[in-house]
Amino acid sequence: MYYLIKQTLCTADFERLKTDGAQYVAVLTSAEWAAQKNSFDMGIEIEPLTNEIHSTKAEVNYDSLTGTFSIPHRNDFETVSRFAFALDEKGIVFIDDEGAAQKIINEIQHTKKWRLPGLERFLYDFLEQIVIRDRDFLESCDNELTVIENAIEAENEDEKTIERANEIRSDLRILREHYEQLLDFSQELEENENNFFKHENLRYFRLFVNRIERFRDSAKANSDHALQIRDIYKAHLDIKQNRIMTVLTVVTTIFMPLTLIVGWYGMNFRYMPELESAWGYPVVILVSALILIGSLLYFKKKKWL
C-alpha cells in the first residue's frame with residue numbers, strides 16, 4: 001500500500017508516489033521490499049532485517065534512517081508485533097509481514113486530518129498510536145494494585161491475588177523496557193543527524209519524548225507499588241505465622257504443669273496416699289483448673305493472648 005502525506009493520508013499508486021512530490025508512506029512485505037527497494041533510491045547501508053527484530057530502534061545510515069519496531073500487546077505482553085522501516089527526506093517505507101504497521105496506518109488515515117502535513121507529523125501520530133491507550137492501562141494497573149493492597153490489609157487475599165500482583169509487575173517491567181526503547185528511538189529522530197526533518201517540526205518528537213518519559217515514570221511507580229505489595233504480603237504472612245506460634249507456645253506452656261501432674265500420678269506407686277484418698281481426684285481436677293485459669297489470666301495480663 002502507498003500513501004501520500006497531504007491533509008490526510010491519501011491512497012496512491014507507486015507511479016504517483018514518484019511524481020507527485022509530496023512525502024509518502026509505503027507498507028510492503030519483505031518480498032516486495034526486496035524487489036522494490038532500489039526504486040526508492042535510499043542510501044541504505046544497514047539493511048533492516050525483518051526476521052531478526054528484538055527491539056525498537058533506529059540506526060543512522062549515510063543518507064537514510066533504518067530500524068525496527070517491537071511492540072508488545074497491552075492485553076498480552078508475551079505477544080509482540082514486529083516490523084522494520086527505512087526512511088529519508090522523501091518518505092518512509094514500513095516492511096511489515098504481520099500487518100501491524102498497516103493497522104496503525106489505517107487508524108491514522110481514518111482519524112487524522114492535518115493543517116500542516118508532513119513526515120514529522122505523520123511519525124508523531126504513528127508513535128502516538130503505539131501508546132494511545134497506555135494512560136488508561138497504567139491507571140488500571142494502579143487501581144488494581146490498590147485493590148490488592150487493600151485486600152491484603154483486610155486479610156482477604158489468596159494465592160491468585162498475589163499471583164496477579166506479580167503478573168502486573170512483570171508486565172510493567174516489559175512496558176518500561178519498551179518505553180526506554182521508544183525514548184531512544186524518538187531522541188534519535190529529534191537529533192535529526194541527516195537533516196531529514198524541518199527544524200520547526202522537531203517539536204513533535206520533543207512532545208513525544210516528554211509523554212514517554214511520563215509513561216515510563218508512571219510504570220516505574222506502579223512497579224515499585226507492586227514490589228511494596230509483595231513485601232507487605234510477606235510481612236502479613238510473618239505476622240500470621242507469629243500468631244500461630246504464639247498460640248502454640250501458650251497452649252504448650254499451659255499444659256506443661258498439667259502434663260507433669262498426669263505423669264506424676266500416673267506412676268502408680270503402692271504407697272501414694274492420694275490414690276487412696278476420696279478427695280484425691282477432685283483435688284487434682286481443682287488444681288488443674290486453677291493452673292489453667294491462672295495461666296490464661298497471666299498471659300492475658302502480659303498481652304500474649
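Q: How many nonpolar, polar and charged residues are in the lining of the second largest cavity?
A: First, a heads-up: this is a predicted model, where local features need pLDDT of at least 70 and side-chain atom pairs count only at pLDDT 80 or more, while totals for chains, interfaces and linings use all residues. Residues are numbered from 1 along each chain as its sequence is written, and side-chain values use heavy atoms, with hydrogens and water left out. Ala, Val, Leu, Ile, Met, Phe, Trp, Tyr, Cys and Pro count as nonpolar, Asp, Glu, Lys and Arg as charged, and the others, Gly among them, as polar. By that sorting, the lining has nine nonpolar, no polar and no charged residues.

Q: Which element gives the most residues to the lining of the second largest cavity?
A: A cavity is a set of points on a 1 Å grid over the protein atoms alone where a 1.4 Å probe fits but cannot get out, and lining residues have an atom within 4 Å of a point. Here the lining includes Phe69, Phe94 and Phe126. Strand 6 (76–88), strand 7 (91–95) and helix 4 (119–130) each give two or more residues, where helices (H or I, at least four residues) and strands (E, at least two) are DSSP runs numbered from the N terminus. The top giver, with three residues, is helix 4.

Q: What is the volume of the largest cavity?
A: The whole structure has two cavities of 30 Å³ or more, with volume being the space filled by probe spheres set on grid points, which are joined across faces, edges and corners. Among the residues lining the largest cavity are Val60, Leu65, Glu188 and Phe197, and the lining divides into five nonpolar, two polar and two charged residues. The space in the largest cavity is about 50 Å³.

Q: Which helix supplies the largest share of the lining of the largest pocket?
A: A pocket is an open set of points with protein on both sides within 12 Å along at least five of seven lines. The largest pocket holds about 580 Å³ of space and is lined by 15 residues, with Lys103, Ile104, Gln129, Ile130 and Arg133 nearest its centre. Strand 5 (65–73), helix 3 (100–111) and helix 4 each supply at least two. The largest share, four residues, comes from helix 3.

Q: Which residues have the most contacts inside the largest nonpolar core?
A: A nonpolar core is a set of buried Ala, Val, Leu, Ile, Met, Phe, Trp, Tyr and Cys residues joined through side-chain atoms within 4.5 Å. The largest one has 59 residues, and its largest share, eleven residues, comes from helix 6 (residues 159–191). The residues with the most contacts inside the core are Phe69, Phe94, Phe122 and Phe126.

Q: Is isoleucine 148 buried or exposed?
A: Ile148 lies in helix 5 (residues 134–153). Beyond its neighbours within four places in sequence, Ile148 is in contact with Thr161, Arg164, Ala165 and Ile229. Buried means under 20% relative accessible area, exposed over 50% and partly exposed in between (1.4 Å probe, protein chains only). Ile148 has 5%, so Ile148 is buried.

Q: What radius of gyration does the protein have?
A: This value is taken over C-alpha atoms, and the globule rule is 2.2 Å times the number of residues to the power 0.38. The C-alpha trace spans about 120 × 35 × 30 Å along its principal axes. A compact globule of 305 residues would come out near 19 Å, but the protein has 35 Å.

Conventions: Contact means heavy atoms within 4.5 Å.
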